[in-house]
Amino acid sequence: MRKALLVVDVQNDFYETGTLPVSDASKINEVVNRTMKDPVYRVIVASQDWHPSNHMSFAVNHGKEPFTPFDNGKGIGPVLWPVHCQQGTRGAEFHQDIESYRFDYIVRKGTHPFVDSYSIFRENDGTELGTDGLLRALGIEELDVCGLALDYCLKYTVHDALLTGFKINVIINGTKGVETNKGDVQRTIDEFKKAGVELIEK
Ligand code: VGL
Ligand code: ZN
C-alpha cells in the first residue's frame, strides 16, 4: 500500500513555551525527524494552524477567558482558545528542531475568521481542505500520523481519515496531548483502539 506521513501542527505555540502549550511536546521532535527519513513514505503532508487575528476561536475576541466552553454549532468550539498560531507570527512557525524542509505539502487551516479547523482534511463546518483529493490523486491508501495535539487536531484528523476510508496508524511516541480536561488523552487512545486504529511506535 502506498503510504503517506501526516505531521500535524508542529508549531511553536503548541510547544512548552507557546501560548497553547502541550506538555513534553518537544519530546516528539526526535521521533518525527527520524520517521520523516523513512523511505516508505511517498509523501509527507504537514498541517499548519494559521489563524487571522480576528479568529473567533480566540476567547479574547468574545471578551471571554481561554478554555471557556463555547459551541456555536457552526465551526467554533467546544471551547475557546488562547490566541495561538496567528498568521505570520513566530508562534505559527514550525518548531526550529523539526526538519520542516522535508514536508512535501503544507495544508494551512483555520484561516477563515468564523470557522475553526482541527483536522487536516476538513474544517469544523465540514468544508473540505483538499487533503483527501491530494492523497487520492497520489494513490495513497495508508497514513501514519504524528504531531500535536493528540486530543484535538490529531484526533479529528484520525476521525476524518477513517470516514474517508484510509487505513490509519497513530505513531504514539510521536504525539502528545493538550489535556484540556483530565483524562482526554486516555479517552482519545481508547477511542482510537475501538475504531480499529493501529497504535505504532517509531
Ligand atoms: C489545536 C486547538 C486549537 C491543535 C489547534 O493543533 O490541536 N488545538 N487549534
Ligand atoms: Zn487553532
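Mentor: Start at Thr-188, which you'll find in helix 4, residues 184-194. Keep in mind as we go that this is a predicted model. Is Thr-188 buried or exposed? Its relative accessibility is 2%, so it counts as buried, since the cut-off for buried is under 20%. Now follow its side chain: it reaches the backbone oxygen of Asp-184, at 2.7 Å. And what does Thr-188 touch if you leave aside its neighbours within four places in sequence? It is in contact with Leu-150, Asp-151 and Lys-155.

Ala-149 is found in the loop between strand 4 and helix 3 (153-164). Check the backbone there: the peptide bond from Leu-148 to Ala-149 is cis, with omega near -15°. There's another cis bond to look up, from Gly-77 to Pro-78, where omega is near 15°. Pro-78 has its place in the loop between strand 2 and strand 3.

Leu-148 and Ala-149 also bring us to the ligand. Both are among the residues surrounding ligand 1, along with others including Asp-9, Asp-49, Trp-81, His-84, Tyr-118, Tyr-152 and Cys-153. Which atoms make the polar contacts? From Asp-49, a polar side-chain atom lies 3.0 Å from a nitrogen atom of ligand 1. How much of ligand 1 does the protein bury? On its own the ligand exposes 260 Å², and the protein buries 99% of that.

Asp-9 sits in the loop between strand 1 and helix 1. Its phi is positive, about 50°, although Asp-9 is not a glycine. Its relative accessible area is 0%, so Asp-9 is buried.

Next, the rings. Searching the whole structure turns up 8 aromatic pairs. Take Trp-81 with Tyr-118: the ring centres are 6.4 Å apart and the planes stand at 85°, so this pair is edge-to-face. Trp-81 belongs to the loop between strand 2 (41-49) and strand 3 (105-109), while Tyr-118 belongs to the loop between strand 3 and helix 2 (131-137), so the pair ties together parts that are 37 residues apart in sequence. Trp-81 counts as buried at 4% relative accessibility, and Tyr-118 counts as buried at 4% too.

Tyr-152 counts as buried, at 10% relative accessibility, whereas Tyr-156, at 29%, counts as partly exposed.

How do these rings go together? Phe-67, Trp-81, Tyr-118, Tyr-152 and Tyr-156 form one aromatic cluster. At 38% relative accessibility, Phe-67 counts as partly exposed.

Arg-108 lies over the face of Trp-50, 3.8 Å from the ring centre. Arg-136 puts its charged end over the ring of Phe-166, at 4.1 Å from the centre.

How many residues of helix 1 (29-36) are buried? The count is 6 out of 8, which makes the helix mostly covered. The buried ones are Asn-29, Val-31, Val-32, Asn-33, Thr-35 and Met-36. As for what they pack against, the list is strand 1 (3-8), strand 2, strand 4 (142-148) and strand 5 (167-176).

How values were computed:
Residues are numbered from 1 along each chain as its sequence is written. Chains are lettered from A and ligands numbered from 1 in the order in which they are written. This is a predicted model: local features need pLDDT of at least 70, side-chain atom pairs count only at pLDDT 80 or more; totals for chains, interfaces and linings use all residues. Side-chain values use heavy atoms; hydrogens and water are left out. Rings of Phe, Tyr and Trp (its six-membered ring) pair if their centres lie within 6.5 Å; planes under 30 degrees apart count as stacked, over 60 as edge-to-face and the rest as tilted. Helices (H or I, at least four residues) and strands (E, at least two) are DSSP runs, numbered from the N terminus. Buried means under 20% relative accessible area, exposed over 50%, partly exposed in between (1.4 Å probe, protein chains only). A charge sits over a ring if NZ of Lys or CZ of Arg is within 6 Å of the ring centre and within 35 degrees of the ring normal. A residue is near a molecule or strand if one of its heavy atoms lies within 4 Å of it. A polar contact is a pair of N or O atoms within 3.5 Å; within protein, one must be able to donate a hydrogen and the other to accept it, and residues adjacent in sequence count only if both atoms are side-chain atoms. Accessible areas come from the Shrake-Rupley method with a 1.4 Å probe; for residues, only the protein chains shown count as cover. Contact means heavy atoms within 4.5 Å.
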